[in-house]
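This report concerns domain organisation and helix packing. The sequence and structure are shown first.

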Amino acid sequence: MAERTKTNPQRPGTGTLLDIRNLRIEATVYPPGEDPKNVVIVDDVSLTVERGKVLGLIGESGAGKSTIGLSTMGYGRGGVRITGGEVILNGRDILRSERGLRKRRGKEVCYVAQSAAAAFNPAHKLMRQVVEATLEHGVSNREEAEKRAVDLFRQLSLPDPENIGDRYPHQVSGGQLQRVMTAMALCSKPDLIVFDEPTTALDVTTQIDVLAAIKRAIQDTGVAALYITHDLAVVAQVADDIMVLRHGKTVEWGETRQIIKEPKQDYTRALVSVHAIDHDEHTPTPTPILSVDNVTASYGGGKVKVLKNVSVDIHPGQTLAVVGESGSGKSTLARAITGLLPPESGTVSFDGRVLANRLADRPKEDLRQLQMIYQMADVAMNPRQTVGTIIGRPLEFYFGMRGAERNRRVAELLDKIEMGKGFADRYPAELSGGQKQRVCIARALAARPKLIICDEVTSALDPLVAHGILKLLLDLQAEEDVAYLFITHDLATVKAIADSIAVMYRGELVRYGPKSKVLTPPFDAYTDLLLSSVPEMEIGWLETAIASRRMEAAGN
Amino acid sequence: MLDLKRIPVSALIGLFLTALFLFAALFAPWIAPYGNGEIVGDVWGPISATHLLGTDNLGRDLLSRMIYGARITIFIAVAATALSFILGSVLGFTAAVVGGWLDQTMSRFVDLLMSIPTLIFALVVLSVLPSTLVTLILVMGILDATRVYRLARAVAVDINVMDFVEAAKLRGEGRSWIIFREILPNALSPLVAELGLRFIFAVLFLSALSFLGLGVQPPNADWGGMVKENKDGIVFGIPAALIPAGAIALLAISVNLVADWVLNRTSDLKGGRGNG
């Protein structure tokens, strides 16, 4: 992006800052029931970062992104060993100079962690933590450091920059905390910052603010950065170059425009086109399978209203997507429908009959018809039961199937979720993230339900895995004619699979209707904010989106 | 599954000694050279070929007394531990799953029991009730159950909020399925670790009671009772009291070694098959 250099006259002179050559990182793992073995986490990766440039590292979990990021500080996390190659920072190989490492960490290279909430010490005020590295390295005295910190807070558009440093970490929002962490990294004037998924844990509407702040701060201070993420659309906004990694090896390394416009490798191409799912919108039927009528629900005995007069319909064999940021009441709606949180007023009717408010009052048949899939598949399954038991239990419980008949049906279901029947004897701990979620889908399907509530089922998964799960869900919908209530904060997912959409904001329904209508202008302010916050794989999208926003994100 | 070579040495020693004690307890009448109450020699006779551990304060064969003592000690301790675990864990799980006033009532009652020192409580109860084996086991079991209840409830409260328990509730499962099939397998490892410890405490508790004269009544004696019978000999340099005392210590250590190993095998946080 040549124009960026022009708008940024104080950018320091070019030249190679970081040069990683043939990096090899290994670790010893102790798999249960087997001998310890060596695994190669990063295999022969070479990269260079020029001064003031941003390199995006992208890949699925387990690709070695964070490990490479940390290696720039000569650091290996928990038993990880750097066994080969060179990491040359400012002309010195930091792997050969163990003694100088402490002088470099926090001064030449700084790190911004994924979860700022977990990375800050909750017992100290923010300012003390922000200037800590600066004082430790004697870059400047406390007064100057704090002045610089306040300047950085202002640069990162934090509210009340003079006084925010007096707060404790729990007193600011997640998006603000992430920006404070960026300020902390910038405070000691490092040459390189490693951003490790800084926006992944944030809401989509907050992500855009943090992203814009980070980008501006990088431009203004002229620092070089490694930006680690699994979201290609995000990295396209901030990086000059992108390196695609898979299983610890480099897949492709090139300029941002080339990677997203003309990817050379199949894997990169798959990443770029990840959200392209063909799905024709169905028109609503006259009789909905589930209708939620004026439901109000609250926690704490009526004190905190989390759902206010919500009414939606779900039609047989179709998908209703409920979108909104965290705290909008999406999951509470699911809890009200399932009876886990009995609504205060309003009714939920299913297949023409009114459902009992409380879970305990519902007949078994109602429970069978309405199944649920959770966000975190690994805690949604009993870790001490095998896949066969997990999928088989609904068969026993609802249909009284036993023995061979049950096993046959379990094998059939495993087949449906594109896993073999060999998986029946495995425990959840022995499955990958995507496989776990598939087993949860099979468990829900085993009951032959008419409606499945999917609570953020793909948000904990890698994009390609999530893509597979979404496709599977759509295929199963066509086969079994099951309706989905799809709760998500990811609008790209919604666009891909929904038939109708309900947008929620602070417990209220702000927009509801068939997909094509909801996604057609004119928009209300909140829907507009949501839609415009979804990163698109376009260079310069961030600037356009920020400029055209009409409403502040709730998390700011 | 169970590979002998992969059992650590400490666990092997523990297993061997525990098995030895169990063997003595089970087959006491067949392996003891003399009867339990049979007077066969002089008072506090020395170690000899006919009396491998010497004789006690009434001239009974100490080895035979030890073997019968193992039977009585281990039987009472096992029964009391089993009672405390069944009672404590079932009530603890139920309190955690049902919650509400049931949980409150049971927990406060347990607090009440726990606020009285166990030994004093047991002494009072046992001096009022007739001293039979059943009363002894009941008193020990119920007092110990309060500790197990606390642990089981705390563990179950954590598990009860997991998504897989919610999924079972949404499926319409009854309380007994949730308690025994969803919660129990996941609460097992802390409970097994506690089981070893609780068993040892039961042995020590029983020994203390017998030493104070409220446990097993003569002519039968558990190890604690035997320490009491022979304690006066110490003044004259007779080691007879040290032998049952040593046996108590050895049993405590060996059971703990086994419990440690079992805990290591089952305490894989990820669940599944457990680790090595």
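The model is predicted: local features need pLDDT of at least 70, side-chain atom pairs count only at pLDDT 80 or more, and totals for chains, interfaces and linings use all residues. Residues are numbered from 1 along each chain as its sequence is written, while chains are lettered from A and ligands numbered from 1 in the order in which they are written.

**Domains of chain A**

Chain A comprises domain 1 (15–272) and domain 2 (290–520), with bounds taken from an automatic or database domain assignment. The C-alpha centres of these two domains of chain A are 36 Å apart. To their contact, domain 1 of chain A gives 8 residues and domain 2 of chain A gives 6 residues; two residues are in contact if their C-beta atoms, placed from the backbone, lie within 7 Å. On the side of domain 1 of chain A that touches domain 2 of chain A, the elements giving two or more residues are α9 (204–221) and α12 (266–272) of chain A. Helices (H or I, at least four residues) and strands (E, at least two) are DSSP runs, numbered from the N terminus. That side of domain 1 of chain A has 3 nonpolar, 3 polar and 2 charged residues. Here Ala, Val, Leu, Ile, Met, Phe, Trp, Tyr, Cys and Pro count as nonpolar, Asp, Glu, Lys and Arg as charged, and the others, Gly among them, as polar.

**Helix pairs**

Axes are lines fitted to C-alpha atoms, for helices over the stretch in contact, and angles run from 0 to 180 degrees between N-to-C directions.

| Helix pair | Angle | Axis separation |
|---|---|---|
| α7 (163–171) and α8 (175–211) of chain B | about 155° | 11 Å |
| α7 (142–155) and α8 (174–187) of chain A | about 135° | 9 Å |

The angle makes α7(A) oblique to α8(A), whereas α7(B) and α8(B) are roughly antiparallel; angles under 35 degrees count as roughly parallel, over 145 as roughly antiparallel, 65 to 115 as roughly perpendicular and the rest as oblique.

In chain B, F164(B), V165(B), A168(B) and K169(B) of α7(B) meet W177(B), I178(B), E182(B) and I183(B) of α8(B). This contact has 6 nonpolar, no polar and 2 charged residues. In chain A, the residues of α7(A) that meet α8(A) include R148(A) and F153(A), and C187(A) is among their partners. That contact divides into 7 nonpolar, no polar and 1 charged.

**Annotated region of chain B**

An unreviewed UniProt entry annotates residues 70–259 of chain B as "domain: ABC transmembrane type-1". Over residues 70–259, chain B is 82% helix and 0% strand, with the end C-alpha atoms 20 Å apart.

Methods
UniProt positions are given in the numbering used here, feature names are shortened, and annotations may be inferred rather than shown by experiment.
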